[in-house]
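Hi,

Here is the structure I promised to send over. Have a look at it first, and then read my notes below.

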Amino acid sequence: MQIRPTKAVINLRHLADNYRIISSINRGKDIIAVVKADAYGHGARKVVEKLITLESPPVCFAVATVEEVIDLIKYFPDQSFMVFEPFSPELIPALKKYNFSISITSPIQLRQIRDAGFDKNIDIHLKLDTGMGRVGIKYYNIGVLINELKVSTGINIKGVYTHFATSDENDGNFTTLQNERFLNLLAQLRDAGIPTGMVHAANSGAVFDHPSTHYDAVRPGIALYGYYKDRETSNKFGLKPVMSLQSKLSTVERFIAGESISYGRRFILEKDSFIASIPVGYADGISRALRGKFECGIAGKLYSQVGTVTMDRILLNLGDDYLPPGSDVTILSTDNNPANDAWNWCRILDTIPYEITCNISKRVHRVYGE
């Protein structure tokens, strides 16, 4: 039961529209939908539930951790899942109990699988590091991987993939270099008689800007949720933000000139004004660094947030406007309004939409609609 009025509204129609845009750009190739981090804060269970109803649904869903995949398998036992988390012996009990694909990022992991005594073959995706510089088998160590694969048992190679470091940047030279390395690695694997399964490389950036990297499947993440590169580019492709953050005015009081607002007295009223409080704060994902730099929408008008952002509450300066408690407030919009959308928060905080949506905390109730 929801009593607190603050909520994250998830527009599933926008999610479906974004998926269809990706499908059209991908020209019918398979899609691995990335739903890690609770679908970037949108709610993985509901996102999967919606996507599997669409025409040409995802061929697979990708998550970051085994805990994430176990939670989803309970609800979607017939769906295919892959985990980006590298194999480790600690994952063996889960792999024996559940069916999902795990990432192999080192030849040592193949030996660990062989020694684990599985009574079934383990589905794996080989992760090749072509320049991301995070995890994966280094492109210059492919020979070691091939030698290990030739003697490996107990595995099914479901796919081979890489991850691009700069695919959403305007200079595509490094993505081109990574892709050339990836093609070379695929050729070496195949020449050695190693099956490559489903080949995938294109993250959201490469989906839109690097069609030569689409291979058997693409692997969109943030684009599913309405964001790519910047506001202008997202609008050009027709992407629609999926999450809005909404609440209601809690209290509205008349303050007099000279009074201070919130912790630290960082805002002093220059004239008499109505000040409203909203039950949302940094515990909900409103960064303290946003103090005095963003606006909220009420009845078609924008009002400035003032004073220090507190754990459970922010304050708005309504000026001469008296608005009754209970009035609807849009804190974060989905209409690409430069004053109070996620891109505006990104500009203020010098961050990316991924962080904005992921930071909307679990105590904010998710409400789903079309």
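What follows is a short tour of what turned up, from the overall layout down to single residues.

Keep in mind that this is a predicted model. The protein has 12 helices and 20 strands, and its C-alpha trace spans about 80 × 40 × 40 Å along the principal axes. Of the 370 residues, 52% are buried.

Start with D17. Its side chain meets that of R20 in a salt bridge, with 3.3 Å from N to O. Both residues belong to helix α1 (residues 12-26) and sit 3 residues apart, about one turn of the helix. R20 is partly exposed, at a relative accessible area of 46%.

D17 also forms a salt bridge with K240, where the closest N and O atoms are 3.0 Å apart. This pair ties together parts that are 223 residues apart in sequence, because K240 is in the loop between α10 (231-237) and β11 (243-248) while D17 is in helix α1. K240 counts as partly exposed too, with 30% relative accessibility.

Another one to click on is R114 with E148, a salt bridge at 3.1 Å, N to O. R114 is in helix α6 (residues 107-115) and E148 is in helix α7 (residues 142-150), so here the pair ties together parts that are 34 residues apart in sequence. How accessible are the two partners? R114 is partly exposed at 31%, whereas E148 counts as buried at 10% relative accessibility, since buried means under 20%.

While you have E148 on screen, look at the rest of α7. Which residues of α7 are buried? They are I142, L145, I146, E148 and L149. Seen down the axis of α7, these buried residues fall within an arc of 165°, so they line one face of the helix. N147 and K150 are exposed on the other side of α7.

On the surface there is a patch of positive charge, where R266, R288, R291 and K293 gather. R291 is in the loop between β15 (273-278) and β16 (295-298). With 34% relative accessibility, R291 counts as partly exposed.

K229 has a positive phi, near 65°. You will find K229 in the loop between β10 (217-218) and α10, and it is partly exposed at 27% relative accessibility. A299 is not a glycine either, yet its phi is positive at about 50°. A299 is in the loop between β16 and β17 (301-306), and with a relative accessible area of 79% it is exposed.

Cheers

Conventions:
Residues numbered from 1 in each chain as written. Predicted model: local features only at pLDDT ≥ 70, side-chain atom pairs only at ≥ 80, totals over all residues. Heavy atoms only, no water. Patch = residues over 30% accessible without salt bridge, like charges linked within 9 Å, V, L, I, M, F, W, Y side chains within 5 Å. Areas by Shrake-Rupley, 256 points an atom, 1.4 Å probe, with all protein chains shown as cover. Salt bridge = Lys/Arg side-chain N within 4 Å of Asp/Glu carboxyl O. Lys, Arg positive; Asp, Glu negative; His and termini not counted. Charge placed at Lys NZ, Arg CZ, Asp CG, Glu CD. Helix = DSSP H or I, 4+ residues; strand = E, 2+ residues; numbered from the N terminus. Buried < 20%, exposed > 50% of the residue type's maximum accessible area, 1.4 Å probe, protein only. Arc of directions from axis to C-beta.
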